[in-house]
Amino acid sequence: MISRTRTPRAAIVAFSMAIAVLLPSCALFQPRRVAINSQVTQTLPPLPVSTGRVPSSSTVAPRTIFVPGKGGRTGKVNYASAPGVTAGEIKIGIIVPMDGPAAELGRPLYRTTQAYVNVLNARGGINGRKVRLFLQTACINCEAEVLLAAKALVEQKGVFAVVNAYMNTYSFGAAMKYLNEKKVPLIQGWTGVGEESVTWSNAQTPWSVYYTIRNDEAVGIWVDWMSTVNAKWQAAGKLPNPQHPYWVGTVALDVSQDRRRSIEFKKVWESKGADHKVVSQQYVAAEEEAITRMDSFIAAMKDAKANAVFSASNITMVFGMQAAARQTWKVPWVSKSAWGRAATDNCGPPCDGGYTDNNGWGWAGVDTPQMRQYLAAMRAYYPDGVKYADAQTLGGWIGMMAFEYAATQLGADLTRKDLIDVLGNLKGFDTGVGAQINTSPTDHLGMGQFMMLQICNNAFYRVSDWLSPGGAMKRVSSKGDCGWGY
Amino acid sequence: MLAVSLTLLVQDFVNGIFLGGVFALLGIGVVLIYKSSGVLNFAHGAMAMFSTWVYFQVDRSLGLPVVLSLAIAVAFGASLGAGVYLVVFRRMRDSGLLAKVIAALAIAGFLQGAAAFIWRNTTQARPPQQFPAGSLALGDVGLGWQQIGAVLLTLAVAVGVIQLVKRTTFGVALRATAQNRTAAKLLGVQENRVAATAWAIGGGLAALAGALVIPLSALTVYSMTGYMVRGFVAAVVGGFVSLPAALIGGFGLGIAQETLLATPLASLSRVFAGLAVAVLLLLRVERFFALDQELRALEEAG
């Protein structure tokens, strides 16, 4: 009797618990957990220093300095040269999440792109053609929805190209494949990392270009910067394990791209010499308790006698430095792109001294004509964007600058093929906002430099000029130091 | 050679105590609610999340002392719990277990949607701590004051609730309702009042759990879902009947799950809660904590 009544209840409990585990799991994979570097808190103007550019190793041609609104062809009458292009208009599209947790990432990117379009049209458009931006919102981790958004832009709105799509997750893979099959240019000023199978090569995605730091070059700079910092700390007698100054740990979210970054860091770090060793590699599960579990990861790195930590994502730096502070473990931290409010709003004093990069997207305090244009436009159309000048806003701006440059070069004969040919063959392209862009038919990922930033008192400070792997890791300002040394 | 670092083991053990306390608070709430109304409250995590947002909002907007903010959040959680029962589950007393589970999931979705609407899906990783920010260093092991305070508070509250159920009229009425609903009604027990009180206590405990753990984590509209699942595991230990078993289950799960991290079996830590549910259900471990009569009555009520 009892067994008859028990079985259904046990089944229902088990079924219900399965649902309860599965549903939250979906939520846990929201990219808010992986990348919450939405916006940046900074003091403007941050640093009155020169741009101090260091030529990229891959720069093979003279610089092309582009100032929006300058140059272009004249003399030929505009005509409908391509799908989405008429004599008087160019239609472009953008796909970003405008609601849900990822809206914090999508909205700034869209609003910046729209601000650029407003300014562009106010000065007459590109060669007399006004630009019209179509927005498609899509859930950031819903591959089918993103694909539908891409189809809607191409097949219903008839756009000429797609710009600045938010694609930090695997979910953009299908849309990217579709856009490439349809031969629709995808111009990514702001971008994260795409689906594993989709690389940055011309061979796989010939119709896509991305203007962000190359991962291998980024790893080289992180390694060089950390090595320099550790040498300084060693000289100052501040390392907890001075016998082995170059023993370090890594911490990454347990997702493929961060794992790869961590592994790559270890490889490059240990190639620096026998004294350079990664003694502890920690992978943090993308689940809720993992954050409170950071104490365990810190204890493990401490136990392994690490003298510094490389964090492969912003969130592991934010919560890792908090746990390190709880355990009074003071070592240098260098993190991949923690340039966002996640670090300043959510960390506070424990994150003081942490280093991160700017992804190659510049710094609002750098005084160039192009940066002044950016700031003026943002003040006019998106005041918050000035307040939080960061990855999304600067990256999105750079994407639009590249688009305007290429379309201006082509003049009346604007076609998709010619556009991607120009965008995929930029040599020493200087936007005056971000790092120089160098692309080639075999390399559509454009940047090889970034700046190093440091967190201090809930604000970011630029502490270096443009850095290249193998170059001088020179600190140019003591602001933002917070008493942490180099 | 299975090398285990003692420092790491101790560090993970104390982390486990802290997390276990959170699981225990949630588990006790789940048990109270199930005993009083036969509802497997899958909205428990969402209720905790919503109350934690209230805690955060009260602190930011009113700038009250943190103790007052916490009290307001717990009071809100209690009201939310009682409200959910009176509005939804009071009318579903005679519905089947599955219908109640679906209703609970719907409430969870509603609360997450409402939180997203009100707080616009932002992430807040620094709600105020109730205890000082520093830590106590025990050799190489660091233990934050927030963690120490949370464990002590959890123990005090959990023991208080267990005593409440054991020694008060409310407790007698709750147990009577759980064991034989009809007989309890005939004896004058007002089952809706008892159930609403149990839901209020459960809601308050959920709010407390959220407010204690979130300062060391991140607050989003999806917060507390992972903890809720662990709270259910704690509740399973006592067959959704025994409060002391939920307390033991919570701490046991936290300690076991976290201590595994210091061993070569670290990867098992992530699936430990799921394995624990399966094993506990198979072994019918609740027999050690609950009377057959209570278990049978709940079966029949469900």
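Strand 6 (residues 208–213) of chain A and strand 13 of chain A pair in the parallel sense, over two bridges. Two strands count as paired if DSSP finds at least two bridges between them. Helices (H or I, at least four residues) and strands (E, at least two) are DSSP runs, numbered from the N terminus. Within this pair, A:Ile213 stands opposite A:Met447 of strand 13.

This is a predicted model: local features need pLDDT of at least 70, side-chain atom pairs count only at pLDDT 80 or more, and totals for chains, interfaces and linings use all residues. Residues are numbered from 1 along each chain as its sequence is written, chains are lettered from A and ligands numbered from 1 in the order in which they are written, and side-chain values use heavy atoms, with hydrogens and water left out.

Start with chain A as a whole. Chain A has 15 helices and 15 strands. Of its 486 residues, 63% count as buried. Buried means under 20% relative accessible area, exposed means over 50%, and partly exposed lies in between (1.4 Å probe, protein chains only). The accessible surface of chain A comes to about 16,300 Å², and 56% of that belongs to carbon and sulfur atoms. Accessible areas come from the Shrake-Rupley method with a 1.4 Å probe; for residues, only the protein chains shown count as cover. Among contacts in chain A with a separation of 6 or more, 73% are between residues 24 or more positions apart. Contact means heavy atoms within 4.5 Å.

Axes are lines fitted to C-alpha atoms, for helices over the stretch in contact, and angles run from 0 to 180 degrees between N-to-C directions.

The loop between helix 3 and strand 3 of chain A holds A:Asn127. Most residues other than glycine have a negative phi. A:Asn127 is not a glycine, yet has a positive phi of about 50 degrees. A:Asn127 is partly exposed, with a relative accessible area of 24%.

Move on to another sheet of chain A. Seven strands form an open sheet in the order 8-7-9-10-11-14-15, and the pairing is mixed. Strand 8 (277–284) and strand 15 (459–462) of chain A are the edge strands, each pairing on one side only. Helix 6 (residues 215–235) of chain A packs on the sheet, touching strands that include strand 7 (247–253) and strand 14. The direction of helix 6 makes about 170 degrees with that of strand 10 (333–335) of chain A. Helix 9 (residues 294–303) of chain A lies across strands 7, 8, 9 and 10, running at about 170 degrees to strand 8. A:Phe297 is found in helix 9. This phenylalanine, A:Phe297, is buried, with a relative accessible area of 7%. A:Phe297 and A:Gly320 are 23 residues apart in sequence and 8.0 Å apart in space, C-alpha to C-alpha.

Strand 14 pairs with strand 11 of chain A in the antiparallel sense over three bridges. Here A:Asp357 stands opposite A:Met452. Strand 14 (residues 452–456) also runs antiparallel to strand 15, joined by four bridges. A:Ile455 stands opposite A:Phe460, and A:Gln454 stands opposite A:Tyr461.

The hairpin of strands 14 and 15 of chain A has two residues between the strands. A:Asn457 takes a positive phi near 50 degrees. A:Asn458, in the loop between these strands, has a positive phi near 60 degrees. A:Asn458 is partly exposed, at 31% relative accessible area.
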